Amino acid sequence: ARREFSPTDVMIGRYGPPVFQIFRGLSGSYNVALMKALPRREISNDYLYWLLKSPALQGYVIANSTRTGGQSGVNLRLLKSIQIPLPPLGEQKRIAAILDAADELQAKRRQTLIELDTLIQSTFLDLFGDPVTNPKGWEMTTLPKLSTKFCDGPFGSNLKSSHYTKTGVRVIRLLNIGAGTLINDDVAFVSEDHYNSLPRNHGKPGDILIGTMGDPNLRACIIPEDLSDALNKADCLLLRPELAIISRVFLCSLLNNEALVTRALTLVRGQTRGRISLGRLKELPIPLPPLELQQQFAAIVEKIEAQKARCQDQFDELDTLFASLQSRAFKGEL
């Protein structure tokens with residue numbers, strides 16, 4: 001049977017992934033996949049919400065989640081048995097208000113980062129127009145003509161997970177390529193000797209890495225200055241721009257442009273794991289505006305990226321502060 005919930009209700013997602021999701025501020029109907037947390041009169045709804053989202057309680061419940069039919073789920077008996085701190089109602093509301101305020105600050109910083117990304121995209125369109133319809137009539141070319149190096153990663157036995165080491169030269173995999181960002185959450189390395197055995201795939205700062213499988217199928221980022229050596233894996237293309245005719249910043253933004261990404265879907269092949277081959281990507285039409293205009297765009301992006309970096313630092317500081325507040329809130333230390 002389906003029941004209703006309102007924005008003031010605290011809801012618990014029972015099954016994952018991810019398991020034990022806590023949310024509020026929404027309305028709708030729910031079934032057995034969700035639970036409504038109905039606090040007694042002496043418990044604040046907002047306090048209960050933050051308590052359920054506290055890292056310690058989240059970690060404990062998730063670690064002890066059960067599996068039914070191959071799906072992880074909240075152990076209800078465990079959840080009901082947990083002893084929770086219950087200060088006076090006034091203190092609960094004070095704690096919830098502090099956490100609400102910190103959460104609002106985080107949301108504002110997050111929104112600022114989104115708006116800065118949107119500013120880069122809108123600036124691109126203002127200067128260059130839609131790269132697929134090409135309303136400004138730019139000369140059209142292809143990626144091989146814009147690069148001094150354009151190659152796929154080594155396949156098969158040339159580079160396997162068994163070659164990975166704890167330290168050495170960085171291997172760039174699909175999961176490391178974000179749209180405009182090199183992702184460092186999960187890194188892999190190979191030895192210097194193995195790196196030297198694959199000279200074709202040596203990447204350096206300023207090269208562009210292109211992901212050709214996953215979501216989205218086309219995405220690109222630039223190897224940063226602090227990564228002196230890198231090796232691209234299969235389905236991660238390595239492109240070294242010919243800087244006399246193309247700006248790396250412009251080309252990276254172009255490859256992440258929504259219209260071009262949608263156009264590239266026609267190049268995807270494969271039913272279970274669709275990918276764009278190097279050969280097909282070589283055929284993708286690419287607009288080539290004047291280099292001076294590209295460099296003007298790159299200078300604007302540099303300033304916006306500097307703002308993003310400052311905003312990200314502030315967001316990280318807030319994130320650390322927020323985690324500390326959450327931990328202290330339920331130990332009576334706020």
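Student: Is Asp100 buried, partly exposed or exposed?
Tutor: Please note that this is a predicted model. Asp100 is partly exposed, because its relative accessible area is 25%.

Student: And which residue does Asp100 form a salt bridge with?
Tutor: The partner of Asp100 is Arg24, and their closest N and O atoms are 2.5 Å apart. The two residues connect distant parts of the chain, 76 residues apart. Asp100 belongs to helix H4 (residues 89–128), whereas Arg24 sits in the loop between strand E3 (21–23) and strand E4 (28–30).

Student: How accessible is Arg24, then?
Tutor: Arg24 has a relative accessibility of 27%, so it counts as partly exposed.

Student: Which residues are linked with Arg24 in a network of salt bridges?
Tutor: Asp46 and Asp100 are linked with Arg24 in that network.

Student: How many salt bridges does the structure hold?
Tutor: The structure holds 11 salt bridges. One of them joins Arg275 and Asp235, with the closest N and O atoms 3.0 Å apart.

Student: Where do Arg275 and Asp235 lie?
Tutor: Both are in loops: Arg275 between helix H7 (258–264) and helix H8 (278–281), and Asp235 between strand E15 (230–232) and strand E16 (236–241). The pair therefore ties together parts that are 40 residues apart in sequence.

Student: Are they buried or partly exposed?
Tutor: Arg275 is partly exposed at 33% relative accessible area, while Asp235 is buried at 7%.

Student: What about Lys308, which residue does it form a salt bridge with?
Tutor: Lys308 pairs with Glu305, and the closest N and O atoms are 3.7 Å apart. They are 3 residues apart in helix H9, so about one helical turn separates them. Lys308 is buried, with a relative accessible area of 15%, and Glu305 is partly exposed, with 34%.

Student: Let me change topic. Which residues gather in a patch of negative charge on the surface?
Tutor: The patch is formed by Asp313, Asp316, Glu317 and Asp319. Asp313 is placed in helix H9 (residues 291–329) and is partly exposed, at 46% relative accessible area.

Student: How many positive and negative side chains does the chain have?
Tutor: There are 40 positive and 35 negative side chains, and the centres of the two sets lie 8 Å apart.

Student: Finally, how many helices and strands are there?
Tutor: The chain has 9 helices and 17 strands. Its C-alpha trace spans about 70 × 45 × 40 Å along the principal axes, and 43% of its 334 residues count as buried.

Terms used
Residues numbered from 1 in each chain as written. Predicted model: local features only at pLDDT ≥ 70, side-chain atom pairs only at ≥ 80, totals over all residues. Heavy atoms only, no water. Patch = residues over 30% accessible without salt bridge, like charges linked within 9 Å, V, L, I, M, F, W, Y side chains within 5 Å. Areas by Shrake-Rupley, 256 points an atom, 1.4 Å probe, with all protein chains shown as cover. Salt bridge = Lys/Arg side-chain N within 4 Å of Asp/Glu carboxyl O. Lys, Arg positive; Asp, Glu negative; His and termini not counted. Charge placed at Lys NZ, Arg CZ, Asp CG, Glu CD. Helix = DSSP H or I, 4+ residues; strand = E, 2+ residues; numbered from the N terminus. Buried < 20%, exposed > 50% of the residue type's maximum accessible area, 1.4 Å probe, protein only.
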